[in-house]
Amino acid sequence: MYLGKWYFIAAAGVKESDVQMFRQMDSTVFHLNETSKKTLLLTGAMRMGVHCIMKNWTYTIQSGKDDLTSEGRPELQTLVWSGEWLNCTQCILLQEIERHLDPLETHDTLNRFMLYARDSALLDNKVVKAFQTQTACKNMDRFVHLPQEKELCKLENKV
């Protein structure tokens, strides 16, 4: 259901630092592949100014858990949510929460939602507005909507 091509549409976070990196992006396209029974590879092509930046993320599916573990970042919890939350069957949401490894620290260092759609052209502003409203109810009032004004970067090396 979640495998295949996705377009990154918007992000919302509790703090400005949760969404700051997305402010430099014009558009991003991702491809999610299953590389083994318990491993997912997310390949992204991000348009930043005139440059295309390619990046890969490897996630491990944990038995008996709802979250994914990001390779090299054990403190990062990634949850995948259905777009039904926004009445969008062609959308998914990723929530990233990064917790301090120090048990004396009680706040999250990262807490954000990211909205993805199967087709960037089909996503209407009602869905983006609903995303912004719903995340604001979760105290995530920092918001970025990618402008998608330039040509999308081409995804290469899809598995």
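**Entry 1: Arg142 and Glu16.** I looked up the side chains of Arg142 and Glu16 in this predicted model and found that they meet in a salt bridge at 4.0 Å, N to O (a salt bridge is a side-chain nitrogen of Lys or Arg within 4 Å of a carboxyl oxygen of Asp or Glu). The two partners come from distant parts of the chain, since Arg142 sits in strand E9 (residues 142-145) and Glu16 in helix H1 (residues 16-19), 126 residues apart. I noted that helices (H or I, at least four residues) and strands (E, at least two) are DSSP runs, numbered from the N terminus.

Entry 2: I then followed Arg142 to Asp141, where the two side chains meet in a salt bridge at 3.2 Å, N to O. Glu16, Arg23, Asp141 and Arg142 are linked in a network of salt bridges, and a search of the whole structure finds seven salt bridges.

**Entry 3: Glu98 and Arg73.** Here I found another salt bridge between side chains, at 3.1 Å, N to O. Glu98 lies in strand E7 (residues 91-99) and Arg73 in strand E6 (residues 73-82), so the pair ties together parts that are 25 residues apart in sequence. Glu98 is buried, with a relative accessible area of 15%, whereas Arg73 is partly exposed at 32%.

**Entry 4: Asn33.** I located Asn33 in strand E2 (residues 27-36) and noted that Asn33 is buried, with a relative accessible area of 9%. The side chain of Asn33 is joined to that of His31 by a polar contact of 3.2 Å (a pair of N or O atoms within 3.5 Å; within protein, one must be able to donate a hydrogen and the other to accept it, and residues adjacent in sequence count only if both atoms are side-chain atoms).

**Entry 5: confidence and conventions.** I checked pLDDT, the predictor's confidence in each residue from 0 to 100: the chain averages 87, and 89% of the residues score at least 70. Confidence is lowest in strand E5 (residues 67-70), at a mean of 84, and highest in E9, at 96. Residues are numbered from 1 along each chain as its sequence is written, and side-chain values use heavy atoms, with hydrogens and water left out. Local features need pLDDT of at least 70 and side-chain atom pairs count only at pLDDT 80 or more, while totals for chains, interfaces and linings use all residues.

Conventions. Buried < 20%, exposed > 50% of the residue type's maximum accessible area, 1.4 Å probe, protein only.
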